[in-house]
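Thanks for making the time this morning.

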Amino acid sequence: MVVLLISIILLAPLTAFAIHALLGLAKQGFPRQDILSTFAMLVAFICSILLFWQIAPDPKPHTIDWISLGSITFSMGFYLDSVTVIMLIVVTLVSSLVHIFSIGYMHGDPRYPRFFAFLSLFSFSMLFLVVSDNLLGIYIGWELVGLCSYLLIGFWFEKDSAADACKKAFLTTRVGDVGMFVGMMMLFTRFKTLSLYDGADAGIFTLVEGLSGTGDMIWLSIAGVLIFCGAVGKSAQVPLHTWLPDAMEGPTPVSALIHAATMVAAGVYLTARMFPILTTSSSLVIAYVGGITAIVAATIAIVRFDIKRVLAYSTVSQLGFMMLAIGVGSYVAGLFHLTTHAFFKALLFLGSGSVIHAFHAMHSHHDEEHSDDGEHDHGLIHEHGSEIPPDQDMRNMGGLRRKMPLTFITMLIATLSISGVPFIFSGFWSKDKILGGVLERAMEWNSIHHYILFVVALIAAGITAFYMFRLIFMTFFGVPQNQEMHEMAHESPWVMTVPLLVLAFLSIPVVNPLWFNKDYVKPPEQHHIHAPEHAQVLPDSKTRNSDFSFAFLGVSDAHAAEGEEDGHAADAHHAHSPAHSIAMILSIIVAGVGILLSWLFYHKRRFSAEAVSTAFRPVYNLFWNKYYFDEFYDGVLVALTVWKSRLFAQFDGSIVDGIVNGVGTVTRDVFAAFTGFFDNSVVDGLVNRIAEITWAAGGRIRRLQTGAIQTYLFVVVGGIVLIILIFRVL
Amino acid sequence: MTLQHYLVISAILFSLGIFAVLTRRNAISILMGIELILNSCNLNFVAFSRFVTPPENIDGQIIAIFGIVLAAAEAAVFLAIILAIYREFGSIRPDEVDTLKG
């Protein structure tokens, strides 16, 4: 039953894609291909829901042998635990909603069927990645979603900026994938398998328990960090985050599905999947990368004016939070945030798509002119700060809440959620759980690293509230900044608003299984995480915080109960840590401060954002220029690559070509001359001599052929007589 | 009359035939030489049949009769060819019929 359901889930979108592809090859579009893809996704979604009731508490992988090479066999299979099923539901649900939304959003696009074909292929790849029980399958799905991301970012490839952005996304994530592949190979050479779980043979997670000793730990840390590199690329963590904002060149539903809810979360999912192999040091690396990403992206988001890019940096920042959670061992918190973020960020993107759609009608002709200009001077890395499409520029918006009430309400819910407004919004609980997890580890381990990370994450959470409300105030409140465009704006059709409403409902935390049942997801054990010497852990307790009573603030509020499930071996987890209470109170304060500041700056106009930016010009410039990451890559890495390529080209041109030409010359002038001479004189001479001899002999012998029968007869008779005489003599 | 007499006669006939075939320039004369050769053979067959094999075995005579019949058929075909050659070339001298000579 499980296998049947999982097969349907995987095959439905794949079949839809295959039908699209075949019809495309036959150039036989049928009018409503969008329905086909959407239907396939809904089928997958329903099967995911059914699967939700089916999974075993103690899952085993369902595998088949895929490739046998000598003594090594690569298996392929599914592993279904609670996390997989949650991911399946999130992916299929968001994908279904995005499909429905796209019916409205992409209406009238010349490549409308192709868009749905790509969406189907993407959904299949993502689901395949999620259910794979081995690193090879994950890697295959991983690269397939990368490919789909490339195809969909560059969907409007007539625009130079989109073509550049898709190349950038593909190449940047590839950098991380190389690291991931090396990490996989490290594990493979050691364990001779890529299966993660125990099937016919022991999987990596079992084998890894056997490691001990410093050398092994260093080796395992390096392998873990290398695999995490793949997640850094895919989940757009610093320093490989630069592709995600540029990826906003793709259609907005794509941004919602791929670059907010699912594909970028695949990195977090991978890191969570690899949880058992993380060591103390690789966890710390992950936590730091996540924390730095969270704050860097949040600060960049403050100063963006392009509505989609604000959301893109926000996504990067939230992914940083998830990585941070995994890095501090808050497995459940990270995945919880992944699911809540998938819903509210998809909602934000679809809402922004709705706004853009409202503005787009009158500006489509602008775009066409724009693309006809043919700006050919773009480098690989495109500088977007200066040229925001007018329909995405928040400075053109304002006062939209009366024009687009549904979009406004739903986006407001998502914004409240991501900002961490307490109690009724899902983002509050998940983000809070992450902050609590960080602080808890900091207090247990008495670790300065984790205290720093907690402060960083807290500030990032405050900034998140600030920039998200900035977006809301600039877009929906105040007076219309561009009267002409404001006149044109209209509420979107129902195919676009219904997904918004569904997602808004999901942003209120009544639907999340992680929320309902705190035992639903059990974090796997980490055998190689060790508290440092000075940690305040009871020596006899295997895991941390068994009897931890700092009791700052009391631990008896409703939230602390939630703190239990935060990601470490739950067995010894009896006492409540005060960390979550502290974290919750602090996070409510920073969210409140963020929202208040945003309100003062962008709604009441009590302070002028321009004045502040002028006062802190260097800081503002740093944020505006995105910490110069693009400039660094363009100026250093790209330039270095180009320089290196030139060097190699010169090397090729002079030395390699020189050698080849030299060999050619020697061959032609020496060997060829010699063999030519030999051929001409000896071989040809021999042949010619033979021919001449034959010719001359023929000239003489032909005279025998007189043509006179009697001569022949005479010779015959003479010959017979001669023979007779000879035999007589003998 | 012994076997030798017949064989000598036969050898003379054969030699005359060969001589005629080799020396005559006229195709008809050559045909005549060939007839002489054939007849010398027939004579040989009959002679050997008479003197060497038992009297009840008449294979030699029968072969001689066959030889005569073959000679008649051969003469007919030969003369037909001669006629055709004459029409084509206006001559029946073999050394002038040399179209196939390289």
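Residues are numbered from 1 along each chain as its sequence is written, and chains are lettered from A and ligands numbered from 1 in the order in which they are written.

Now to confidence, where pLDDT is the predictor's confidence in each residue, from 0 to 100. Chain A averages 81, with 88% of its residues scoring at least 70, and chain B has a mean of 89, with 97% of its residues at 70 or more. For the complex, the predictor gives an ipTM of 0.80 and a pTM of 0.72. Two stretches of chain A call for care: residues 362-386 stay under 50 in pLDDT, and the model has 28 contacts for them beyond four places in sequence, where a contact means that the C-beta atoms of two residues, placed from the backbone, lie within 7 Å. Residues 538-575 of chain A are also below 50, and the model gives this stretch 73 contacts beyond near neighbours in sequence. Where pLDDT is low, the predicted coordinates should not be read in detail.

Back in chain A, which residue takes a positive phi of about 60° although it is not a glycine? That is A:Lys192, found in the loop between helix H6 (160-191) and helix H7 (204-207). Most residues other than glycine have a negative phi, and most peptide bonds are trans.

A:His62 has A:Phe78 as its bridge partner in S2(A), and of the 2 residues between the strands, A:Gly70 takes a positive phi near 60°.

Next, the helix pairs, for which axes are lines fitted to C-alpha atoms over the stretch in contact, and angles run from 0 to 180 degrees between N-to-C directions. Helix H2 (residues 33-52) and helix H4 (residues 112-131) of chain A pack at about 15°, with their axes 9 Å apart, which makes them roughly parallel, a label for angles under 35 degrees, with over 145 being roughly antiparallel, 65 to 115 roughly perpendicular and the rest oblique. Their contact includes A:Ala40 and A:Met41 of H2(A) and A:Phe116 and A:Leu119 of H4(A).

Helix H12 (residues 280-302) and helix H13 (residues 307-327) of chain A, by contrast, pack at about 160°, with their axes 7 Å apart, which makes H12(A) roughly antiparallel to H13(A).

In chain B, helix H1 (residues 3-23) and helix H2 (residues 27-51) pack at about 165°, with their axes 7 Å apart, and these two helices are therefore roughly antiparallel to each other.

Finally, how many residues of chain A are in contact with chain B? There are 9, and they touch 8 residues of chain B.

Methods. Predicted model: local features only at pLDDT ≥ 70, side-chain atom pairs only at ≥ 80, totals over all residues. Pairing = 2+ DSSP bridges. Helix = DSSP H or I, 4+ residues; strand = E, 2+ residues; numbered from the N terminus.
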